[in-house]
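Reader: I am new to this structure and would like to go through a few of its details slowly. Could you take my questions one at a time?

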Amino acid sequence: MDFKKILLVVILFLILFAGLLFYLKQSDSDSVSKNSLSPEEQMVSDRISPLGNGEGFWDEAISPFREDRAKPYLELLDDLKSGKINFVWEVWALRRKCKSDFTPDQCNATILAYIDAEYDSPDKEKVRDLFVSYFRYEEEYRKWEQPTDLPFLELYEKIKSKRREVLSDKAELIFGMEESQVSFLEGSNHFIKQSANLPADLRVKQYEEFKKKTYGNYYDSLVSREDKFDHYQMEMSLRDKEFSSISDPKEKEKYLFKIESKYFGKEKAENLANERKKEAKFSESISSYESKEREFLKENANLSQAEKDKKLKELRIQMLGSEEEADAYLRRKNIEEAGK
C-alpha cells in the first residue's frame, strides 16, 4: 500500500497551498514553478493553501458568526488555539458571501462592516484587529517575490518566516494548525521509514503518539474531522508487513475483522467480510469459466464464430450465475482487450 498516497487522504482537511497563489498573486498565480516540486510534493501543495479559493470548507465554517450572539473574543481565541475553527477558512467562508463583482478590497471592507455590526466594544476592536492584520498580511504577500526554485518544504519555511515578519504572534494563531499539519506530513515520512521493523501493535501506538505530539493542542479537533476510513487505511498500511506475512486466508480474515470492527463497528465489519467472500467466490467462478472457455475453444476450433459465441454465452450464464453477470463480465473483458 502506497504510504504517501494514504497520508494525503488522512490529511484530507489540509488547506490548499496552490490556491494561496491564486488569490494573492492573481495574474501571476503560477509564479512558483511546478517543476521545483516532486510529484508527491505537488500533490501535497495542491491541498495546503492558507488562503485557498473559497472551496472545500467544512460545515462549521463561519462558526463565530452562526450563533444568535457573536462569539466572544476570548472564546474565539480558544477555538482558534484548539483548532476547532480555522481562521483562514472563516475568512473565505465570509468572502463567499460577497457579491461576485466585488474587488478584494470591497469584500474585505464588507467583512469589517459585518464585524462592526455583530460585535460590541471591546470585542469588536479585537476581532477587527485580527481580520485587519490578516488582510495586511495578504497585501504584503502579494508584493513578496517568492523563490521559484525551492522544494516545497523549503519554500514553506520561507512562507512561515514571512508570516511572522508581518503578523508577529498572530501568525501562530492564524496559521498554527496548518503548520502543525505540514510538520506532521514531513515527520510522518521519517517515522514510517524508521519504524519499519517494529512490531505492528507498537508501530501503530507510536505513530499515534507522534501524531498527538506534533498536532499538540490541535490534535482533538483535527482527528475529529478525519474520516474513519482514512484512519483504517493508515493503520493497515502500518500493519502491512505483519498482515502480508499471514498465509492462512482464514487468519487474514480474522485479522481484518478485528481492525475493521475497531473503526466501523462489528456489524459493518461483518458486512465487509461477507462482501469479500462474495467477491472471492465470484473471482473463482470467473477463473473456472476462463479455464472452461480455453478448453472449449481448443476442442471446438472448427465451429463458426456465431456458434462459438452462442455456446460461450450459455457457459458464462451457467458458471457466473445469471445473464446479467455474464454480460457484465463480457463488457469488462472487451474493455480490457480494447485497452491493451
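This is a predicted model: local features need pLDDT of at least 70, side-chain atom pairs count only at pLDDT 80 or more; totals for chains, interfaces and linings use all residues.

Reader: How are helix H5 and helix H6 oriented to each other?

Author: The axes of helix H5, residues 87-95, and helix H6, residues 104-118, come within 10 Å and cross at roughly 105 degrees. Angles of 65 to 115 degrees count as roughly perpendicular, and therefore the orientation of H5 and H6 is roughly perpendicular.

Reader: Which residues make that contact, and how many of them are nonpolar?

Author: On the side of H5 the contact is made by Val91, Leu94 and Arg95, while H6 brings Cys107, Asn108, Ile111 and Tyr114. Sorted by type, the residues of this contact include 1 charged and 1 polar, and the number of nonpolar ones is 5.

Reader: How many charged residues are in the contact of H15 with H17?

Author: Helix H15, residues 266-299, and helix H17, residues 323-339, pack with their axes 13 Å apart at an angle of about 70 degrees. In this contact Phe282, Ile286, Tyr289 and Glu290 of H15 meet Glu325, Tyr329, Arg332 and Lys333 of H17. The residues divide into 4 nonpolar and no polar, and the number of charged ones is 4.

Reader: Is asparagine 86 buried or exposed?

Author: Asparagine 86 lies in the loop between helix H4 and H5, and a polar atom of its side chain lies 3.0 Å from the backbone nitrogen of valine 88. Since buried means under 20% relative accessible area, asparagine 86, at 3% relative accessibility, counts as buried.

Methods
Residues are numbered from 1 along each chain as its sequence is written. Side-chain values use heavy atoms; hydrogens and water are left out. Axes are lines fitted to C-alpha atoms, for helices over the stretch in contact, and angles run from 0 to 180 degrees between N-to-C directions. Helices (H or I, at least four residues) and strands (E, at least two) are DSSP runs, numbered from the N terminus. Angles under 35 degrees count as roughly parallel, over 145 as roughly antiparallel, 65 to 115 as roughly perpendicular and the rest as oblique. Contact means heavy atoms within 4.5 Å. Ala, Val, Leu, Ile, Met, Phe, Trp, Tyr, Cys and Pro count as nonpolar, Asp, Glu, Lys and Arg as charged, and the others, Gly among them, as polar. Buried means under 20% relative accessible area, exposed over 50%, partly exposed in between (1.4 Å probe, protein chains only). A polar contact is a pair of N or O atoms within 3.5 Å; within protein, one must be able to donate a hydrogen and the other to accept it, and residues adjacent in sequence count only if both atoms are side-chain atoms.
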